[in-house]
Each structure stands twice: as C-alpha cells, then as structure tokens.
Amino acid sequence: MRAPPTLREWLREGPFTLTMSSGFFGFFAHTGALAALLDAGFAPASVTGSSAGALVTGLYAAGVGVDELRHRLLTLRREDFWDPAPGVGLLRGRRFREMLEALLPQRDLTHCRIPFAPSVYDLGALRTVALREGDLASAIHASCALPLLFQPVWIRGRPYADGGIADRPGLHGAPSSGRVLFHHLASRSPWRRPGSPSLRVPARAGMVTVATEGVTRVNPFALPRGRVALAQGEAAMREALDLPLTAPVLRPVAR
C-alpha cells in the first residue's frame with residue numbers, strides 16, 4: 001500500500017490558494033509560516049484571509065517581500081498604530097492606515113501580483129463580503145478593524161469591520177473549487193468557550209489545513225513576544241511540510 005503523501009509532496013502537485021485565519025496579533029506567526037513556505041519553494045497562486053491573515057497575505061500579494069515584512073513587524077512599536085480617539089472603537093486607525101500605505105508598493109486591489117480577496121464584515125448588511133477591487137490599504141485596514149479596538153472603516157459609503165467576525169478562517173474569498181492551503185491559528189482567547197463554532201477548523205474538498213497550536217500570545221502591550229511567535233510559526237510550518245496527509249488537518253505544535 002502506498003504511503004500517504006506529505007504536505008510537501010501535495011504542494012508540488014500544482015497551484016494552490018493560501019488562506020490565513022484571523023487571530024488578534026497572529027500576523028507574527030502567519031509571517032513565519034509564509035516564510036517557511038517560500039523558503040521551501042512554495043509560492044501561492046492566490047491568497048485570502050481575515051484580519052491578521054489578511055494583513056500578511058495582502059502585503060505579500062501587493063509585492064512586499066517576506067524579509068521586509070519580517071523586519072517591519074520585529075521593529076513594530078505600539079506608538080506606530082496607537083491613536084485613541086472618541087468613536088465606536090478605541091483607536092481611530094489613522095496611524096495603522098498610514099503604516100500600511102508606507103509599506104504597500106501599490107494601492108489598488110486589482111494590481112496585486114497575485115489575486116487577493118480579503119474577508120471583511122459589512123456592518124450595514126450584517127454579512128461577510130470579500131473585497132476584490134478598490135483601495136488596497138482600505139481593504140486590509142477594514143479586515144483588521146477588530147470591534148472595540150478599531151473604529152469601523154468606511155469604504156464607498158459603507159462601514160466595515162474585522163473579517164473574522166463571521167469568517168475567522170478567511171475563506172470567503174477563496175475559489176469555490178481547487179486546492180487550498182489553510183493556515184489556522186488555534187485561538188487561546190480566554191473569552192472564547194471550548195467548542196465554540198468560531199474555533200472549528202472548516203472542511204472542504206481540496207483543502208489541507210495546518211492548525212498551529214500553542215503560539216505565544218502577542219498583544220499591543222507585549223510586542224517583543226512577536227519575535228518568538230514569528231519563529232514558532234516558521235518552525236511549525238517547516239515541521240508540517242514533512243508530515244503525512246493521513247488527515248485533512250495537520251497539527252504541528254509551536255515550540
């Protein structure tokens with residue numbers, strides 16, 4: 001009987017979409033995972049994501065190199081994005097937007113080097129949508145606009161918030177068919193109850209999930225931990241590449 005392929009062998013079989021989940025400050029671990037994939041020679045044909053996942057995949061799709069992204073994250077200070085102001089959310093988001101605009105080599109979603117469709121939550125219609133055109137910085141900002149932390153982002157006269165509100169996996173913008181590699185950050189949020197539907201790993205044909213567990217928690221007041229989280233995400237994906245696909249979900253543990 002033939003042994004099941006490893007993730008590395010599965011990735012060699014053809015083009016794939018990379019999807020990355022929301023996860024508060026999970027963009028450190030996502031960046032590490034992306035670095036491991038690219039270093040192994042596996043570049044996605046298209047990308048999607050929610051919140052932290054949309055931040056990483058969106059910057060990559062726009063042409064930001066993983067080394068540049070790594071450097072920016074590891075030099076991130078709270079003052080770079082911390083701009084409290086009256087409104088529905090602690091932070092205005094202006095500094096965060098300016099930081100995005102400084103990083104992005106171009107500004108239009110349709111001009112990305114590979115297709116990028118981030119999930120955002122339409123607060124007027126109370127539903128998730130995937131943005132495929134328009135201002136790139138606005139799209140990433142909206143997908144990252146965690147309620148209570150960030151104020152809503154207005155795009156073409158409509159208010160949007162964090163894509164992870166109703167689409168934590170960030171799969172809303174993924175093609176309906178085809179191969180998908182989903183990087184899922186297992187939540188350790190104390191306010192989420194065990195077994196919460198928002199924490200479940202979705203199943204769909206043609207998708208392989210790398211569910212990284214145990215990543216060091218990062219928050220605005222503990223940014224130095226990001227260096228550890230990034231290294232953990234990279235090490236976990238390197239481990240996952242050589243795991244056999246005996247199940248649709250691979251579970252490397254962050255170390």
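1. Helix H6 and its cover. The buried residues of helix H6 are covered by elements that include strand E2 (46-50), helix H3 (52-62), helix H5 (94-103), strand E3 (116-122), strand E5 (153-155) and strand E6 (158-161). Helices (H or I, at least four residues) and strands (E, at least two) are DSSP runs, numbered from the N terminus. Eight of the eight residues of H6 (residues 136-143) are buried, so this helix is largely enclosed by the rest of the structure. Buried stands for under 20% relative accessible area, exposed for over 50%, and partly exposed for what lies in between (1.4 Å probe, protein chains only). At the start of H6, the backbone nitrogen of Ala 137 has a side-chain oxygen of Asp 135 within 3.4 Å.

2. Basis of the description. This is a predicted model, in which local features need pLDDT of at least 70 and side-chain atom pairs count only at pLDDT 80 or more, while totals for chains, interfaces and linings use all residues. Residues are numbered from 1 along each chain as its sequence is written, and side-chain values use heavy atoms, with hydrogens and water left out.

3. Helix H7. The end C-alpha atoms of helix H7 (residues 226-241) are 23 Å apart, which agrees with the 22 Å that its 16 residues should span at 1.5 Å a residue. The expected span is 1.5 Å times one less than the number of residues. Among the buried residues of H7 are Gly 226, Leu 230, Gln 232, Glu 234 and Met 237. The buried residues of H7 pack against helix H1 (7-12), helix H2 (27-39), helix H4 (66-74), strand E7 (180-185), strand E8 (207-212) and strand E9 (249-250).

4. Nonpolar cores. A nonpolar core is a set of buried Ala, Val, Leu, Ile, Met, Phe, Trp, Tyr and Cys residues joined through side-chain atoms within 4.5 Å. The largest one has 70 residues, and Leu 7, Leu 11, Phe 27, Phe 81, Phe 116 and Leu 181 have the most contacts inside it. H3 gives the largest share of this core, eight residues. Another core, of five residues, lies apart from it and has Leu 171, Ala 174, Phe 182 and Met 207 among its members.

5. Contacts of Leu 181 and Leu 18. Contact means heavy atoms within 4.5 Å. Not counting residues up to four places away in sequence, Leu 181 touches residues including Leu 7, Trp 10, Leu 11, Leu 18, Val 208 and Val 210. Leu 18 is placed in strand E1 and, at 1% relative accessibility, counts as buried. With the exclusion of residues up to four places away in sequence, the contacts of Leu 18 include Leu 34, Leu 37, Val 47, Thr 57 and Leu 181.

6. Thr 6 is in the segment before H1 and counts as buried at 17% relative accessibility. Leaving out residues up to four places away in sequence, Thr 6 touches Leu 241, Asp 242, Leu 243, Pro 244 and Leu 245. Thr 31, in helix H2, has 0% relative accessibility and counts as buried. Under that exclusion of residues up to four places away in sequence, Thr 31 touches Val 56, Val 66, Leu 69, Arg 70, Leu 73 and Leu 230.

7. Aromatic pairs. Rings of Phe, Tyr and Trp (its six-membered ring) pair if their centres lie within 6.5 Å; planes under 30 degrees apart count as stacked, over 60 as edge-to-face and the rest as tilted. The count by this rule is seven aromatic pairs. The pair of Phe 25 and Phe 81 is tilted, because the ring centres are 6.0 Å apart and the planes stand at 55 degrees. Phe 25 lies in the loop between strand E1 (17-20) and H2, and Phe 81 in the loop between H4 and H5, so the pair ties together parts that are 56 residues apart in sequence. Both Phe 25 and Phe 81 are buried.

8. Backbone at two loop residues. Phe 24, in the loop between E1 and H2, has a phi near 50 degrees, a positive value in a residue other than glycine. At 35% relative accessibility, Phe 24 counts as partly exposed. Leu 148, in the loop between H6 and E5, has a positive phi near 80 degrees and counts as exposed at 75% relative accessibility.

Methods
A polar contact is a pair of N or O atoms within 3.5 Å; within protein, one must be able to donate a hydrogen and the other to accept it, and residues adjacent in sequence count only if both atoms are side-chain atoms.
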